[in-house]
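This report looks at some annotated residues and at one pair of packed helices. The sequence and the structure are shown first.

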Amino acid sequence: MNSNNTPEHPAAKPQLNEIHTPVLLERSIELLGPAIEKPGAVLVDATLGMGGHAEAMLTRFPGLTLVGLDRDLDALAVAEERLKPFQGRIHLVHTVYDGILDALAGLGISEVQGILFDLGVSSMQLDQVERGFSYSKDAPLDMRMDSTSPLTAERILADYSEADLRRIFQEYGEEKLAGRYAKAIVEARTTTPFVRSAQLVEVITKVTPVAVQRMGHPAKRVFQALRIEVNQELAVLERAIPAAMEAVAVGGRIVSMAYQSLEDRIVKRMFAAASTSSAPAGLPVELPEHKPLFTLLIRGAELASDEEKAINPRATSVRLRAAERLRRAE
């Protein structure tokens with residue numbers, strides 16, 4: 001769908017003046033600018049959210065066309081309203097970001113000059129209590145980024161085996177007490193099904209040693225793991241990054257901002273592979289077909305400054321990476 005027929009969604013929309021400040025906005029513009037500043041350039045905001053980064057990019061680069069992707073219908077509705085001044089230069093598409101190539105093909109776009117990923121749960125999703133993303137506020141156990149998806153946290157807690165719960169808590173939450181929490185959940189649900197976040201927090205807290213509780217909220221990693229499982233975030237990202245890199249034109253750039261180590265590792269691994277020569281060890285001369293397809297614009301992951309963290313707490317855990325395409329595969 002394009003910006004003229006993005007469906008309305010019944011949930012309440014936040015006021016535009018309440019929208020949070022985008023993370024690392026100026027740095028994102030600085031990194032993407034050389035690739036998207038020319039008239040006719042196309043930027044894909046693969047995680048459009050409420051359109052903060054998109055609005056700034058469209059304002060800064062008057063010849064830019066933007067393709068905004070998001071799985072969240074509420075976010076698309078807010079972004080559509082926010083980006084009304086740029087009608088004719090925007091295309092908004094309801095899709096998960098691993099659908100980037102299909103979205104571009106549907107718009108007749110073969111390659112793009114820039115791609116931006118701002119990963120993880122959005123400020124709007126956290127602020128809408130009824131969506132159940134936060135362990136600090138009682139709400140239905142939903143956690144869907146896309147309200148049209150069938151899987152919810154409530155279904156996971158009701159249907160998954162103890163072994164599967166332990167696995168997702170370990171893999172997606174990196175939770176050391178995963179086994180203890182999985183066992184407690186399975187025991188508790190035999191008498192009362194989990195339907196609200198406060199129930200889950202109570203069960204987790206009850207079986208968490210006091211010393212561990214002093215180190216942070218005991219439910220934090222479990223909620224992260226459930227959210228990732230509900231939305232299949234890591235599996236989607238594993239598909240999305242290669243697809244996005246395929247869409248980038250020579251001289252084009254891709255920027256990623258991750259907020260937890262599991263996502264950042266995926267981006268790091270794929271950027272590293274694309275920026276490494278494929279020449280066999282000991283080859284005296286690197287043949288053209290073995291030269292890297294991309295070059296890294298940042299060595300390692302870049303963090304937010306202390307000043308930005310103070311202004312925008314969401315930037316505290318961000319890890320920014322960027323790469324530029326050097327050539328197409330032979």
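A residue counts as buried when its relative accessible area is under 20%. In this predicted model, D118 has a relative accessible area of 13% and is therefore buried. D118 belongs to strand β4, which covers residues 112-118, and, leaving aside neighbours within four places in sequence, D118 is in contact with T47, H53, M257, Y259 and R314.

The UniProt annotation "binding site", taken from an unreviewed entry, includes D118 and G52 among its positions, together with G51, H53, D70, Y97 and Q125. G52 is likewise classed as buried, because its relative accessibility is 13%.

A separate part of the description concerns helix packing. Two packed helices are described by the angle between their axes and by the distance between those axes. For helix α8 (residues 178-189) and helix α9 (residues 197-206), the axes come within 9 Å and cross at roughly 125°, which means that α8 is oblique to α9. The crossing of α8 and α9 is right-handed. On the α8 side the contact is made by Y181, A184, I185 and A188, while α9 contributes L200, V203 and I204; the residues of this contact comprise seven nonpolar, no polar and no charged.

Key: Residues are numbered from 1 along each chain as its sequence is written. This is a predicted model: local features need pLDDT of at least 70, side-chain atom pairs count only at pLDDT 80 or more; totals for chains, interfaces and linings use all residues. Side-chain values use heavy atoms; hydrogens and water are left out. UniProt positions are given in the numbering used here, feature names are shortened, and annotations may be inferred rather than shown by experiment. Buried means under 20% relative accessible area, exposed over 50%, partly exposed in between (1.4 Å probe, protein chains only). Helices (H or I, at least four residues) and strands (E, at least two) are DSSP runs, numbered from the N terminus. Contact means heavy atoms within 4.5 Å. Axes are lines fitted to C-alpha atoms, for helices over the stretch in contact, and angles run from 0 to 180 degrees between N-to-C directions. Angles under 35 degrees count as roughly parallel, over 145 as roughly antiparallel, 65 to 115 as roughly perpendicular and the rest as oblique. A crossing is left-handed if the near helix is turned anticlockwise from the far one by less than a right angle, and right-handed if clockwise. Ala, Val, Leu, Ile, Met, Phe, Trp, Tyr, Cys and Pro count as nonpolar, Asp, Glu, Lys and Arg as charged, and the others, Gly among them, as polar.
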